[in-house]
Amino acid sequence: MASAMTCSAADLLPHLGNSANATAAAEFICGRFTAVSEYLSNTAYAVDSTYLLFSAYLVFAMQLGFAMLCAGSVRAKNTMNIMLTNVLDAAAGGLSYYLFGFAFAFGAPSNGFIGKHFFGLKEFPSQSFDYSYFLYQWAFAIAAAGITSGSIAERTQFVAYLIYSSFLTGFVYPIVSHWFWSADGWASASKIDGNLLFGSGVIDFAGSGVVHMVGGIAGLWGAFIEGPRIGRFDRIGRSVTLRGHSASLVVLGTFLLWFGWYGFNPGSFLTILKSYGDSTKGTYYGQWSAIGRTAVTTTLAGCTAALTTLFGKRLLVGHWNVVDVCNGLLGGFAAITSGCAVVEPWAAIVCGFVAAWVLIGFNKLATKLKYDDPLEAAQLHGGCGSWGIIFTGLFAKKEYVNEVYPRFPNRPYGLFMGGGGRLLGSQIIQILVIIGWVSVTMGPLFFLLQKFKLLRISREDETAGMDLTRHGGFAYIYHDEDEGSSMPGFKMTRIEPTNTPTPDHHHNRSVAV
């Protein structure tokens, strides 16, 4: 935000001559000038706060996208369960982030590891943070929890969701966001003391690592410790596809997530009313332009990943699969999230193309290792998020890095853009520490839940479906095609064409006289 304009009567007085009323006129003019300046300053705060609130609403709307995507990706007998877990991710995450999470993440002044102020939003708002900032960061925190819920869907006890979601949003995720986003974080690119990691800090602008990798790695441990769903692999280890019950919900959820990503990535600028003061580009160019560019890079990465997945899977399996295309699209978004603000649009196309093959490759590896993730969440968010972090270290442009992180100009930038390897080194360290931190926190948590029989449901409940056994009934009057259950309901089956000729109504019409 531009600094406030000031006016001094003493400075203005010489320009008004030596008349008797000169002093009074100078004071009056400066008083009016100050009032206008304060009004403009207040307006700037209001515009920036409104922009951030609107972005927070978009990111929160992604929860609806997650809910639809999850519902469509599981079998019908578990629909109510997965929908309820998405609601609880937001609800439990809201309280835990309010009580502890925000303080651990952004409670400055603090040390490089963890924040220590603003517990329960005490002494809030401050000159550094307003309520809109808390809301925006909470929406990010519950997005990480939502990613994890997809990995352990269809076989997890309800109490386990409550425990892991509160722990992830209240402690694990906030520590990571403190490291890379706080002004005190040891690896933050915005660190105020100038002691930047490798002279650059980690550039994870909107959270390929902080959000997507954290949620993906947490889901990886949960799904690994639980083991595959019953029937996912046959007795000799061959993969058996357990298809989700509604491709329509998957597509709906994907479009909702796409829409919300425009709050996720462009919204991470936090403010919009800021001029870069670049005389070579004129007054039309400012942070509002960078926000538009970020929306464009986000779009191009997702579109490229979707098309690459479409044709790649067609070559590999021989058919066009809309669910695969949706996952590929989201993989492109997860990848570009790190560098969306500091790369050229053409580089975003490279990002999306590689992200699609990263997802395809990790899915192949998961099948070979008999790892079962109903939503491909660990592969998509963990794998594509990791690629996105590396991509930023390769393609970050010097001009854009200096615009987005202006405190210390001429810092290292992308290796392929002539900036050397120090930024890439920082990015690789981020990947390693996130894997390590999430593994030593979420791994033991899931292990203890499993040991105390709080993680996985019984074999009987899993076979019958959690909607009936845990939630009082089905979401639909519907049975999955692969279930031989005798429970009440209607069996929905595919109607195939027959060889019976269509009656000729013109020749068989009878006329009543």
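Q: How many cavities of 30 Å³ or more does a search of the whole structure find?
A: Bear in mind that this is a predicted model. The largest cavity has a volume of about 70 Å³, and a search of the whole structure at 30 Å³ or more comes up with a count of 1.

Q: Which elements give two or more residues to the lining of the largest cavity?
A: Look at who sits around that space: the lining includes Phe 66, Leu 69, Gly 146, Ile 147, Asn 327, Leu 330, Ala 377 and Leu 380. The elements that put in two or more residues are H2, H4, helix H9 (322–336) and helix H11 (377–395).

Q: Which element supplies the largest share of the lining of the largest pocket?
A: The largest pocket holds about 1600 Å³ of space. Helix H2 (22–73), H4, helix H5 (158–181) and helix H12 (398–404) each bring at least two residues to its lining. The largest share is 5 residues, and it comes from H4.

Q: How do the residues of the lining of the largest pocket divide into nonpolar, polar and charged?
A: There are 40 lining residues, and those nearest the pocket centre are Ser 128, Tyr 133, Phe 269, Leu 270 and Thr 271. Sorted by class, the lining comes to 21 nonpolar, 12 polar and 7 charged.

Q: Is Asn 78 buried or exposed?
A: Asn 78 sits in the loop between H2 and helix H3 (79–106). Beyond residues up to four places away in sequence, Asn 78 touches Glu 154, Gly 465, Met 466 and Asp 467. Its relative accessible area is 2%, and because the cut-off is under 20%, Asn 78 counts as buried.

Q: How many residues apart are Arg 229 and Asp 372?
A: Their side chains meet in a salt bridge, 2.8 Å from N to O. Arg 229 is in the loop between helix H6 (208–226) and helix H7 (247–264), while Asp 372 is in the loop between helix H10 (345–368) and H11, so the pair links distant parts of the chain, 143 residues apart.

Q: In the salt bridge of Asp 193 and Lys 191, which residue is buried?
A: The two side chains meet at 3.9 Å, N to O. Asp 193 has 52% relative accessibility and counts as exposed. With a relative accessible area of 10%, the buried one is Lys 191.

Q: Which residues do salt bridges that share partners join into one network?
A: The structure holds 13 salt bridges. One of them pairs Asp 324 with Lys 313, with the closest N and O atoms 3.8 Å apart. As for the network, the bridges with shared partners join Arg 75, Glu 154, Arg 229, Arg 232 and Asp 372.

Key:
Residues are numbered from 1 along each chain as its sequence is written. This is a predicted model: local features need pLDDT of at least 70, side-chain atom pairs count only at pLDDT 80 or more; totals for chains, interfaces and linings use all residues. Side-chain values use heavy atoms; hydrogens and water are left out. On a 1 Å grid over the protein atoms alone, a cavity is a set of points where a 1.4 Å probe fits but cannot get out, and a pocket is an open set with protein on both sides within 12 Å along at least five of seven lines; lining residues have an atom within 4 Å of a point. Grid points are joined across faces, edges and corners, and a volume is the space filled by probe spheres set on the points. Helices (H or I, at least four residues) and strands (E, at least two) are DSSP runs, numbered from the N terminus. Ala, Val, Leu, Ile, Met, Phe, Trp, Tyr, Cys and Pro count as nonpolar, Asp, Glu, Lys and Arg as charged, and the others, Gly among them, as polar. Buried means under 20% relative accessible area, exposed over 50%, partly exposed in between (1.4 Å probe, protein chains only). Contact means heavy atoms within 4.5 Å. A salt bridge is a side-chain nitrogen of Lys or Arg within 4 Å of a carboxyl oxygen of Asp or Glu.
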